[in-house]
Amino acid sequence: MKRLQWPTRGACVVAPRVAAFWKDARDTRFDLRKLYTVKLSKSNVVHVSMAPRKRKAKQLEAEDSQDEEDRRKRRHGNKKYIGAHVGIQGGIWKAVGSCVEMGGSSFALFLGSQRSWKRPELDQTAAAKFREQCSTHGFDPAHVLPHGSYLMNCGSPKPDVFEKSQALLVNELNRCSLLGLSLYNFHPGSSLGSITTEQCVEKIAGAINHAHQQTPAVVTVLENMSGQGSTVGGQFSELKSIIDKVRDQTRVGVCLDTCHAFAAGYDLAAEGGVNAMLNEFDQQVGLRYLRAIHLNDSKGKLGCNLDRHEDIGKGHIGISAFRDIVNEPRLDNIPLILETPGRPGFEYAKQIELLYSFCEKQ
Ligand SMILES: [Zn+2]
Ligand SMILES: [Zn+2]
């Protein structure tokens, strides 16, 4: 493929996507602003000139820290901890900085590769750096929600997969403790259609009890599912049956994913839908178990059982449910995490800003 050569100065016509990229570079706190001055005109012509003078770079830095300060002030006293799932490429501690950069107050992350069952030992230096970054930026462990490996199926009818899942669960909980974290979110599991839901629930609770015995205090947080295939946890009652079988109930909780709930048939798009869902959750499970929310719009329709996330306000749930969520006092002080596509022009930083702008209008 031919690589696009950027001019160091001059003008060129670019594809709309590339123009959007440069627009972003111009509008946001993106570092490229320090390298280029970019003007955009219609018909996707980008005018690029060389790096701004030092004075301009300083001015940009001052604007950036003013932005940061404004944001900090606006969020001060806000009990909503909105953030996003961030990457760990280049070192697990980098997740913290990525969250700060996008203006998040909470974040989620994977604890290792999603491809392999075997994990190398977590590097002590990396873990120390992570803890240090969290404390520097003032992240409470209760606002960081690691996401479990997708390989795991603690409800698997296949003995080898069940064994490996159980071992991985223990490994990941130990990682959380090393990182100074207190929560760990994972998908309960799937019966693969070859055992009953009850048998699957039994296995999942067994794996949790085993992991609790082997590891210190981290809370295992079950995520509600979309009801796709033979996954367990689409209905709140299924989450409750797992919790009922967990011996140490101080170490089990739930993370409600809005896309999954909608796909499983909980109508968040209806007026008062968020309130109704939380009431139902309270009745069936108990709000004391609610530890986090995954904020995702849904590409699929109500009850479609499809796990397809969409950017906030761009799917079938729609913006007003999210407005209700960020103004719902029952969701104070827990992480509210985006796992949306974050398409160009509507990246996580923008979705976080939008959601905070809703709470400010209270
Ligand atoms: Zn998940
Ligand atoms: Zn989720």
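Reply: Two residues are in contact if their C-beta atoms, placed from the backbone, lie within 7 Å. This model is predicted.

Me: With that cut-off, what share of the contacts with a separation of 6 or more comes from residues 24 or more positions apart?

Reply: The share is 74%. The protein has eleven helices and 15 strands.

Me: How do I read burial, and what percentage of the residues count as buried?

Reply: Count neighbours: a residue is buried if 20 or more other C-beta atoms lie within 10 Å of its own. Here 38% of the 362 residues count as buried.

Me: Why does Val 221 count as buried?

Reply: Val 221 has 23 C-beta neighbours inside 10 Å, so it counts as buried. Val 221 sits in strand 9 (residues 219-223). Beyond four places in sequence, its contacts include Leu 183, Tyr 184, Val 254 and Ala 292. Phe 186 is 35 residues from Val 221 in sequence, yet their C-alpha atoms are 6.3 Å apart.

Me: Which residues touch the most other members of the largest nonpolar core?

Reply: Phe 107, Ile 204, Ile 293 and Ile 337 do, in a core of 76 residues. Helix 6 (residues 197-214) gives the largest share of this core, seven residues. Apart from residues up to four places away in sequence, Ile 204 touches Cys 154, Gly 155, Pro 188, Gly 189, Val 232 and Ile 242.

Me: Which residues are buried in helix 10, and where do they lie around its axis?

Reply: In helix 10 (residues 319-326), Ala 321, Phe 322, Ile 325 and Val 326 are buried. Viewed down the axis, the buried residues of helix 10 fall within an arc of 130°, so they line one face of the helix.

Conventions. Residues are numbered from 1 along each chain as its sequence is written. Chains are lettered from A and ligands numbered from 1 in the order in which they are written. This is a predicted model: local features need pLDDT of at least 70, side-chain atom pairs count only at pLDDT 80 or more; totals for chains, interfaces and linings use all residues. A nonpolar core is a set of buried Ala, Val, Leu, Ile, Met, Phe, Trp, Tyr and Cys residues joined through C-beta atoms within 7 Å. A residue is buried if 20 or more other C-beta atoms lie within 10 Å of its own, exposed if 12 or fewer, and partly exposed in between; C-beta atoms are placed from the backbone. Helices (H or I, at least four residues) and strands (E, at least two) are DSSP runs, numbered from the N terminus. The arc is that of the directions from the helix axis to the C-beta atoms.
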